[in-house]
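Reader: I am new to this structure and would like to go through it step by step. Could you show it to me before I begin with my questions?

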Amino acid sequence: MALEVMNVSKFSTTIEQVVVEKKIPYMEAVVWYCERNNMEIEVAAKLLNAIIKAKIEAEAIDLNFLSTPKGSKLPI
């Protein structure tokens, strides 16, 4: 089995495809990909582009995994 070389662009595109195809959040897509391909999460984190990192951060804030800076988001 040949090892596929990933760069930031290719990996980020792959994660976007997983999100669309499986209809799952970005965090889950990264974990799913890592589990299926025996990749460490730390390696995946280095391969994500800034756009996907921002989307993951927004998901984490919505789930209260991260706190927002004071006054940056109004409660619903």
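Reader: How many helices and how many strands does the protein chain have?

Author: The protein chain has 4 helices and 0 strands. Helices (H or I, at least four residues) and strands (E, at least two) are DSSP runs, numbered from the N terminus. From that end on, the order of the elements is α-α-α-α.

Reader: What kind of model is this, and how are residues numbered?

Author: This is a predicted model, in which local features need pLDDT of at least 70 and side-chain atom pairs count only at pLDDT 80 or more, while totals for chains, interfaces and linings use all residues. Residues are numbered from 1 along each chain as its sequence is written, and side-chain values use heavy atoms, with hydrogens and water left out.

Reader: What share of the residues in the protein chain is buried?

Author: Of the 76 residues, 29% are buried. Buried means under 20% relative accessible area, exposed over 50%, and partly exposed in between (1.4 Å probe, protein chains only).

Reader: And which residues have the most contacts inside the largest nonpolar core?

Author: They are Phe-11, Ile-15, Val-30, Met-39 and Leu-48, in a core of 17 residues. A nonpolar core is a set of buried Ala, Val, Leu, Ile, Met, Phe, Trp, Tyr and Cys residues joined through side-chain atoms within 4.5 Å. H1, H2, H3 and H4 each give two or more residues to this core, and the largest share, 5 residues, comes from H2.

Reader: What does Leu-48 touch?

Author: Leaving aside residues up to four places away in sequence, Leu-48 touches Val-8, Phe-11, Ser-12, Ile-15, Val-30, Lys-53 and Ile-56. Contact means heavy atoms within 4.5 Å.

Reader: Back to H2, please. Which of its residues are buried?

Author: Tyr-26, Ala-29, Val-30, Tyr-33 and Cys-34 are buried in H2. They cover an arc of only 130 degrees around the axis, so they lie on the same side of H2. The arc is that of the directions from the helix axis to the C-beta atoms.

Reader: What covers them, and what is on the face turned away?

Author: The cover over the buried residues of H2 includes H1, H3 and H4. The face turned away from the buried side carries the exposed residues Glu-35 and Arg-36.

Reader: Now the loops. Where does Lys-23 lie, and what is its phi?

Author: Lys-23 lies in the loop between helix H1 (8–22) and helix H2 (26–36). Its phi is near 55 degrees, a positive value in a residue other than glycine. Lys-23 is exposed, with a relative accessible area of 74%.

Reader: And where is Asn-38?

Author: Asn-38 lies in the loop between H2 and helix H3 (41–47). Just after H2, Asn-38 takes a positive phi of about 50 degrees. Asn-38 is exposed, with a relative accessible area of 75%.
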